[in-house]
Amino acid sequence: MSFRKVVRQSKFRHVFGQPVKNDQCYEDIRVSRVTWDSTFCAVNPKFLAVIVEASGGGAFLVLPLSKTGRIDKAYPTVCGHTGPVLDIDWCPHNDEVIASGSEDCTVMVWQIPENGLVSPLTEPVVVLEGHTKRVGIVTWHPTARNVLLSAGCDNVVVIWNVGTAEELYRLDSLHPDLIYNVSWNRNGSLFCSACKDKSVRIIDPRRGTLVAERERAHEGARPMRAIFLADGKVFTTGFSRMSERQLALWDPANLEEPMALQELDSSNGALLPFYDPDTSVVYVCGKGDSSIRYFEITDESPYIHFLNTFTSKEPQRGMGSMPKRGLEVSKCEIARFYKLHERKCEPIVMTVPRKSDLFQDDLYPDTAGPEAALEAEEWVSGRDADPILISLREAYVPSKHRDLKVSRRNVLSDSRPAAAPGSTRPGASIPAASTNTTAPSSSIAGAGEAGKLEEVMQELRALRALVKEQGERIGRLEEQLGRMENGDA
């Protein structure tokens, strides 16, 4: 009789984590010490942003990914907030736009110069004022352009249209206590939230209604997290009554009992989940832990399958996760984390070992690209759309990003503005003049293209004139040379 254990087949069973070499880390960064359970770090294929210590206000550092090594103390920061920054989030549809929430009760949206900061950035593109207490959560809509969600310690969730600086929806009666986190579903039609009253809620923001609620999702009093998975299920992390850390998987159609519930350990740091919808792998990092555990979510019991643990010596203060389109496909890299230490940021690469150098299409299905599937107005009118997918088979070259401009209508111009958009903060009041000159985006784009064509034609005409002039000069010189050789001169 054989007692050999049958091991579940999974292509992610041998995923291993590897920290990069020291010269590829970001050294001498004074990571914020504010007591708030956010990731303190946000990353995209162009920039790394880290919330840092700042005297007399709040600031965060934005570094081009290539700027590794020691960061100068005088390196410019984004420092327009008057209180500590609590959360930051890069726009999924523009790699140069980032939102920040702060203790000063405001949300600010910033346009980062294409090559990074050369001087401190103090003027945001827009200031969104609508919270009465500190703003601890900011998260962009996954598919609609310029739609941003913010949640504050006033237990209010506000959804903004950043392109017009207006408040779209205010949900102030659904959360009786502090909101720990908010997560959009795949197409942005719903979001789920974890609250201090131990409830997980699924909310339709456009109707302002509660779709489903699970009270006492985790019995413990410590912070919990809830995230939407690609198939609509909800994954939560929290604590048991005995303060043991737990993971759970829920079906929104039946929140009475979890589909799966696992206990991890009895550490006291809040568990931050990072989800990859392409591979159905959840990476769980505990604040203050020195490890990253990863699990595969499947349709077969027990649904949450432990894969492996990456361990290191140093505890983590925060963590950022690179979007799929920023990974090195040729090295079979399926995730990259940016781990915050006391004074450093260390990238950790998660790799599936493969012998072949060919593109591994089973590891890299089409993934969400940087194009928005909807405009804000379309989403408000009730339309939903899944993310527009791109293939990672070719080295993906992103389209040129359009600058974020704020006006009564949502206008994103193709050309960069010569000066910063207004000396006053554009969140509070927007000049009427801008509304008079506003044209539909298509006509602006057409005018821009016509202008560029005219520039090229002028340059061509100038070059023709120059060639003609030089030709005449060469003719004169040859004539003179001929005369000299004949002895005429």
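Me: Why is Asp-384 called partly exposed?

Reply: In this predicted model, Asp-384 has a relative accessible area of 34%. Buried means under 20% and exposed over 50%, with partly exposed in between (1.4 Å probe, protein chains only), so Asp-384 counts as partly exposed.

Me: What makes Asp-384 and Arg-206 a salt bridge?

Reply: The term requires a side-chain nitrogen of Lys or Arg within 4 Å of a carboxyl oxygen of Asp or Glu. The closest N and O atoms of Asp-384 and Arg-206 are 2.6 Å apart, so the pair meets the rule. The two residues lie 178 residues apart, in distant parts of the chain.

Me: Why are β8 and β11 called edge strands of their sheet?

Reply: The open sheet has the order β8-β9-β10-β11, with antiparallel pairing. β8 (85-90) and β11 (126-129) each have a single partner strand, so one side of each is left without a neighbour in the sheet. Strands here are DSSP runs (E, at least two residues), numbered from the N terminus.

Me: What makes β10 and β11 a pair?

Reply: Pairing requires that DSSP find at least two bridges between two strands. Four bridges join β10 (residues 106-111) to β11, so the two strands pair. Val-107 stands opposite Leu-128 in β11.

Reply: Residues are numbered from 1 along each chain as its sequence is written. In this predicted model, local features need pLDDT of at least 70, side-chain atom pairs count only at pLDDT 80 or more, and totals for chains, interfaces and linings use all residues, while side-chain values use heavy atoms, with hydrogens and water left out.
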